[in-house]
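Me: I would like to go through this structure and ask, point by point, what each description rests on. Please keep the answers plain.

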Amino acid sequence: MALKALIGGLAVVGFSLIGHAGHPKRFAGLFSAAPSVAVASLAITAVLKGADATVLYTQGMLIGSAGMLAYCLVSLYLIQRLHALVGSILAWLAWLLVAGGLYLVLGS
Amino acid sequence: MEGDVLQQDDREPVGFDWSRLASVKPAELGLRFVFGTVIALIAAIAGTAAGPRFGGLFLAFPAVLPATLTLIEKKEGMTKAWADASGGVLGALGLGAFAFTAMLLRWNPVGALLLALVAWAAVSAGLYFLFRVTGLFLRQDRLVSRAGS
């Protein structure tokens, strides 16, 4: 678990550096939604527990990515009104509603 | 949101300027590292406690975006932060393609993860260039602005 956390953190830093160097800003934004934690977490789970154990994680992640899409769309609306800090934190509710709702309907 | 700033930024050629990395402060990287480790830990704990499918949800949680967007707004203004989130919409569709392709893990873990990364890059960048070339970004901007007015 600690290894997943460490490598996940490093992967996030790596992808965010690539995004920081990228231009224009919309192109750089692609890296804001990069699968940084997922790559690290799935790779370590596959090594430690076998490939079969990771498939359920990817199914959950597919549901979570619908939440990520909702998050980004809602943050576009909220950032204009409430600025980045408040808008992007409030947009977490959109992720929670969409990912949580879909999980309850499809995933649990 | 300033339309002229956005249009000017959109006209920049696509690429990477690695010299920009010199302006990144260690504290900013530390903040991202902390958010990254915390969400990876939450995904692992949730997977153990409530099942891997539940834990998998958090592999697509936007943990680092608030920090990223706030830093961009502070340094470059709100329009640039908005543009970054706008790119994130397309990146999120790529993230879905990553998760879908990664389901092939049972077949070949290393191959599936590499293929999933290619799927993320192809879908995200493919959509970006499609939106850029066809003017769909402009339509999206108008739609979001109208929804907010």
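Reply: A residue is buried if 20 or more other C-beta atoms lie within 10 Å of its own, exposed if 12 or fewer, and partly exposed in between. By that count, 63% of the 108 residues of chain A are buried. In chain B, which has 149 residues, 46% count as buried. Note that this is a predicted model.

Me: Why is His83(A) called partly exposed?

Reply: His83(A) has 16 other C-beta atoms within 10 Å. Buried needs 20 or more and exposed needs 12 or fewer. The count of 16 falls in between, so His83(A) is partly exposed. His83(A) sits in helix 4 of chain A. Its phi is positive, about 70°, although His83(A) is not a glycine.

Me: How do you know that the length of helix 1 of chain A agrees with its number of residues?

Reply: The expected span is 1.5 Å times one less than the number of residues. Helix 1 of chain A covers residues 2–21, which is 20 residues, so it should span 28 Å. Its end C-alpha atoms are 29 Å apart, and therefore the two values agree.

Me: Which residues of helix 1 of chain A are buried, and what covers them?

Reply: Among the buried residues of this helix are Lys4(A), Ile7(A), Val12(A), Val13(A), Phe15(A) and His20(A). The cover includes strand 1, helix 2 and helix 3 (36–49) of chain A. It also includes helix 2 and helix 4 of chain B.

Me: Why are strand 1 of chain A and strand 1 of chain B called a pair?

Reply: Two strands pair if at least two bridges are found between them. Gly22(A) stands opposite Phe16(B) in strand 1 of chain B. Past the strand in chain A, Pro24(A) lies in the loop between strand 1 and helix 2 (25–29). The peptide bond joining His23(A) and Pro24(A) is cis, with omega about -5°.

Me: How many residues are in contact between the chains, and what makes up the side of chain B that touches chain A?

Reply: Here 78 residues of chain B are in contact with 73 residues of chain A. On the chain B side, the largest share, 22 residues, comes from helix 5 of chain B. By class, the chain B side has 51 nonpolar, 16 polar and 11 charged residues.

Me: What makes a set of residues a nonpolar core, and which residues have the most contacts inside the largest one?

Reply: Its members are buried nonpolar residues such as Val, Leu or Phe, joined through C-beta atoms within 7 Å. The largest core has 86 residues. Those with the most contacts inside it are Val37(A), Met68(A), Leu69(A), Ala70(A), Cys72(A) and Phe98(B). Helix 4 of chain A, residues 51–90, gives the largest share of this core, 17 residues. The core also draws at least three residues from each of domain 1 and domain 2 of chain A. As for Phe98(B), the residues it touches include Pro35(A) and Ala38(A) in chain A, and Leu117(B) and Trp120(B) in chain B.

Terms used. Residues numbered from 1 in each chain as written. Chains lettered and ligands numbered in written order. Predicted model: local features only at pLDDT ≥ 70, side-chain atom pairs only at ≥ 80, totals over all residues. Contact = placed C-beta atoms within 7 Å. Helix = DSSP H or I, 4+ residues; strand = E, 2+ residues; numbered from the N terminus. Nonpolar A, V, L, I, M, F, W, Y, C, P; charged D, E, K, R; others polar. Domains from an automatic or database assignment. Lists of a residue's contacts leave out its neighbours within four places in sequence.
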